[in-house]
Amino acid sequence: MSKDNNKHFTIMIIPHSEKESVVLNVPVYIFKILSIALVMTSIFAIMFIKQYYDYREEAQYAQRSIAENKSLTREFAVVARDAIELREKVARIEELDQQIRKANEFDPTKSYFSQQNRLALVEEEPDEKSRVTASSLLATEAQGAVQAVKDSLPMREESLQEVQSLLQERHQELAAIPSIWPTSGNMVSGFGMRTDPFTYRPDFHTGIDIANRTGTPIYATADGRIVFAKFDGGYGRSILINHGNGISTRYAHLSRYTVEPGQHVKKGALVGYMGATGRATGPHLHYEVIVNGNAIDPYKYLP
Ligand SMILES: [Zn+2]
């Protein structure tokens, strides 16, 4: 036994009655044990209180989370439905692309969209396994829709760019075909066999003659490049325009011209003025359409 264990406190309880006093002989180590027990109890109490507050905070947080979750679910449903709607709109743009191609007789094989892709856009169904909750079903469908839109947008852009360039080409082709009247006036002589106004002998007329006053404006009938603007024998002051694709037009007997060789002109551009230069009996325009070197009836090209 150690020395400490021999120390004692003596506690005397003296009643205020006739009863005998109680004398308690308490060893010191009992006090030590009691002190330790008190400290331990205090620590446990503090831990318990802290735990309680932590739990209460967590419960409040959970409650807030549930409310937030509900509102997020509602907001997500709106976004998801928008995504699905977006997929349908993109599918509609694809349909329009197809219709534009069809209407313009563009090569449908040049379309970048397969039937399969279109079906995927319109009818994409969520995986059976994911049919757990309404929200997860919606999430899967929305995810699929966003993915489908994401996958098809670059192709869609490429295809529309192709349509744009095809339309531009088509526009250029149309602009290069003579399709308007070169001047105003009366058509006094048509294309084909006729009696020559000078020799009165049968003669093949290679164009049409439109008569009006000297100085009546003459216009290019299609986009093209001026081959020449010169005095050309019986044609007098005349212009030849090359429109590409083997097509050119001639404007003869002009009083003067307003263009130079090599110049590019647009359909409807002023190129000169009516006159009676060369082999002409009076002021008129002799207009020719030449295809692959052969004069053809210009009337067929007029509106
Ligand atoms: Zn003529």
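Is Tyr52 buried, partly exposed or exposed? In this predicted model, Tyr52 is partly exposed, with a relative accessible area of 42%. Here buried means under 20% relative accessible area, exposed over 50%, and partly exposed in between (1.4 Å probe, protein chains only).

The model is predicted, so local features need pLDDT of at least 70 and side-chain atom pairs count only at pLDDT 80 or more, while totals for chains, interfaces and linings use all residues. Residues are numbered from 1 along each chain as its sequence is written, and side-chain values use heavy atoms, with hydrogens and water left out.

Rings of Phe, Tyr and Trp (its six-membered ring) pair if their centres lie within 6.5 Å; planes under 30 degrees apart count as stacked, over 60 as edge-to-face and the rest as tilted. The count is 5 aromatic pairs. One of them joins Tyr52 and Tyr53: the centres are 5.4 Å apart and the planes stand at 75°, so the pair is edge-to-face. Tyr53 is partly exposed, at 46%.

Trp181 and Tyr299 also pair edge-to-face, because their planes stand at 85° with the centres 6.4 Å apart. Trp181 lies in the loop between helix H3 (134-175) and strand E3 (186-189), and Tyr299 in the segment after strand E14 (294-296), so the pair ties together parts 118 residues apart in sequence. Helices (H or I, at least four residues) and strands (E, at least two) are DSSP runs, numbered from the N terminus. Trp181 is partly exposed at 31%. Tyr299 is partly exposed at 46%.

Charges also sit over rings (NZ of Lys or CZ of Arg within 6 Å of the ring centre and within 35 degrees of the ring normal). The charged end of Lys230 is over the ring of Phe228, 4.5 Å from its centre. Arg250 lies over the face of Tyr235, 4.1 Å from the ring centre.
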